Amino acid sequence: MKILVTGATGYIGKRIVPFLVNEGHQVVCAVRDKLRAEKSYFEEELIDVVEVDFLKPETLHNIPKDIDIAYYLIHSMSNTSKDFKSLEERCAVNFKEALEFTDVKQVIYLSGITNEDKLSKHLQSRKNVEELLESSNYALTIFKAGIIVGSGSSSFEIIRDLVEKLPVMIAPKWLNTKTQPLAVRDVLAFLTRAAGNEAVYNKSYDVFGPEVLTYKQMLLQFAEVRGLKRYIRTVPVMTPKLSSYWLYFVTSTSYKLATSLVDSMGVQIIGKASDINSLLDVNPLTYKEAVALAFEKIEQNSIISSWKDSMVSSGRLGKQLHKYVNVPKYGCFTDYKERPITDAQKTIDKIWAIGGTTGWYYGTFLWRIRGYIDKLVGGIGLRRGRTSLTELDAGDALDFWRVIFADKDQQKLLLYAEMRLPGEAWLEFKIEDNLLKQTATFRPRGLWGRLYWYTVLPFHGLIFNGMINKLVDVQS
């Protein structure tokens with residue numbers, strides 16, 4: 001079949017595309033910006049990439065008419081704007097209207113479990129989207145999931161941060177809220193096995209794991225899998241705002257995502273039983289099995305997607321990477337350095353491994369101090385790390401940077417700063433004429449931006465000199 005996947009650069013989207021290709025389907029990946037699409041997509045005969053922004057009706061003509069199935073995987077946990085609900089509604093309506101001009105027979109939507117009377121604004125929005133997607137022109141299949149457990153998922157990474165950093169936790173009372181975690185592998189099984197299956201046409205199913213657990217039990221079971229002893233005491237006095245700050249400072253999440261999670265975690269997420277497991281032959285993993293499987297992927301350095309790579313994880317960068325590819329020159333300060341290289345491949349390998357657990361090769365403790373300062377003023381700090389230890393693609397998060405351009409063949413890496421700054425900053429590594437050229441560019445905003453540049457200039461001289469020297473020192 002010919003299948004349209006929206007949200008193809010998202011956490012689920014990145015994972016479902018290979019599944020569909022392996023089954024022999026022709027997959028059309030709808031992305032806002034082609035720079036964010038996986039490079040392998042452009043090399044695979046069974047994948048087409050089209051630029052579509054469902055908030056911009058003028059882009060909808062890029063959707064092929066001859067599609068059979070469409071996945072609607074568009075939603076955001078991080079968007080806290082006042083018009084969040086209307087944006088989600090516009091997106092769904094534009095999608096539906098565009099699909100009604102195609103040959104699509106079935107639309108599959110991944111939503112959230114919404115069985116409680118009181119819902120978080122994100123769950124309420126997803127419930128509204130379910131109704132907006134209904135059409136007489138195609139069959140709608142809805143899967144409603146709660147907490148998704150897998151390497152790189154926001155819930156997994158936040159629980160990991162809490163468990164591995166805090167032997168003793170004084171935690172908010174919402175840790176006693178019940179939920180039914182589901183392995184990402186099982187989510188993908190439900191989604192892919194439903195494609196073209198008329199038995200699930202115009203049906204809605206709650207999908208969930210075999211256990212009802214509180215968030216506290218999830219933390220403790222996670223600790224057991226990791227061989228750690230942890231103690232948790234819940235207290236009733238933490239307000240939602242204090243809870244958000246608690247998550248923000250202890251884990252790698254952004255404050256906006258922490259706020260959204262706290263809003264959602266106060267709501268019990270228990271699914272309604274149905275025959276969907278037997279109908280699609282899915283036997284969901286237990287929570288411990290899902291956690292153990294996630295760590296297998298981490299140890300193999302084979303994390304396919306991560307919530308940290310979401311373009312709204314910091315709120316600083318827009319959704320169009322190409323706007324930042326051309327580094328400005330007018331009205332900017334630059335720190336340019338170059339060094340001759342003896343082995344281009346080894347230098348490239350070093351550049352592609354920069355940040356995360358590898359560090360920044362020189363003065364890493366100073367980078368960490370800058371990360372702590374950023375965290376204190378409401379920024380993202382360094383704790384996002386990176387998804388892969390050795391690979392980088394456009395759109396990836398890299399500590400407090402965002403990868404704008406990454407091409408080993410062109411021997412160029414361009415990063416854009418997402419830390420809190422009185423201006424904008426780029427960091428570029430490029431090999432030309434047997435030279436490594438390293439350029440830090442800063443476009444200040446007003447007087448404070450200029451004062452900031454001159455304040456950090458002495459540290460730049462130290463850090464950037466040391467870093468480029470290490471990058472060309474292939475013996476180290």
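These are my notebook entries on a predicted model of a protein chain.

**Ground rules**

I number residues from 1 along each chain as its sequence is written, and my side-chain values use heavy atoms, with hydrogens and water left out.

**Entry 1: the whole chain**

I started with the secondary structure and found 13 helices and 19 strands in the protein chain. Helices (H or I, at least four residues) and strands (E, at least two) are DSSP runs, numbered from the N terminus.

Next I looked up burial: 57% of the 476 residues are buried. Buried means under 20% relative accessible area, exposed means over 50%, and partly exposed is in between, with a 1.4 Å probe and protein chains only.

I also noted the accessible surface of the chain, about 20,900 Å², with 53% of it belonging to carbon and sulfur atoms. These areas come from the Shrake-Rupley method with a 1.4 Å probe; for residues, only the protein chains shown count as cover.

For contacts (heavy atoms within 4.5 Å), I took those between residues at least 6 apart in sequence, and 73% of them join residues at least 24 apart.

**Entry 2: the parallel sheet**

I then followed an open sheet of 7 strands, and read its order as β3-β2-β1-β4-β5-β6-β11, with parallel pairing. At its edges I found β3 (47-51) and β11 (203-207), each of which pairs on one side only. From one strand to the next the twist averages 20 degrees. Two strands pair here if DSSP finds at least two bridges between them. A reminder to myself: strands of a sheet pair through backbone hydrogen bonds, either parallel or antiparallel.

Which strands does helix α1 touch? Helix α1 (residues 11-22) packs on the sheet and touches β1 (2-6), β2 (26-31), β3, β4 (69-72) and β5. Its direction makes about 170 degrees with that of β1. Helix α5 (residues 184-193) also packs on the sheet, where it touches β4, β5, β6 and β11, and its direction makes about 155 degrees with that of β5. For such angles, axes are lines fitted to C-alpha atoms, for helices over the stretch in contact, and the values run from 0 to 180 degrees between N-to-C directions.

**Entry 3: cysteines**

I looked for disulfides (cysteine sulfur atoms within 2.5 Å) and counted 0.

**Entry 4: aromatic rings**

Rings of Phe, Tyr and Trp (its six-membered ring) pair if their centres lie within 6.5 Å; planes under 30 degrees apart count as stacked, over 60 as edge-to-face and the rest as tilted. By this rule I have 17 aromatic pairs.

One of them is F333 with Y454, edge-to-face, with 5.4 Å from centre to centre and 70 degrees between the planes. This pair links distant parts of the chain, as F333 is in strand β14 (residues 333-340) and Y454 in helix α13 (residues 446-472), 121 residues apart. Is Y454 buried or exposed? I found Y454 exposed, with a relative accessible area of 51%.

The ring centres of W360 and W401 are 6.5 Å apart and their planes are at 45 degrees, so I logged the pair as tilted. W360 lies in the loop between α11 (344-352) and α12 (364-376) and W401 in strand β16 (residues 401-407), so the pair ties together parts 41 residues apart in sequence. W360 counts as buried at 1% relative accessibility, and W401 is buried at 6%.

I also noted a cluster in which ring pairs link F333, F442, Y452, W453 and Y454.

**Entry 5: single residues**

Y248 is in helix α7 (residues 240-250) and is buried, with a relative accessible area of 1%. Its C-alpha atom is 8.9 Å from that of I380, 132 residues away along the chain.

Y361 has phi near 70 degrees; Y361 sits in the loop between α11 and α12 and is partly exposed at 23%. Q411 has phi of about 55 degrees; Q411 is in the loop between β16 and β17 (412-417) and is partly exposed at 25%.

Terms used. This is a predicted model: local features need pLDDT of at least 70, side-chain atom pairs count only at pLDDT 80 or more; totals for chains, interfaces and linings use all residues.
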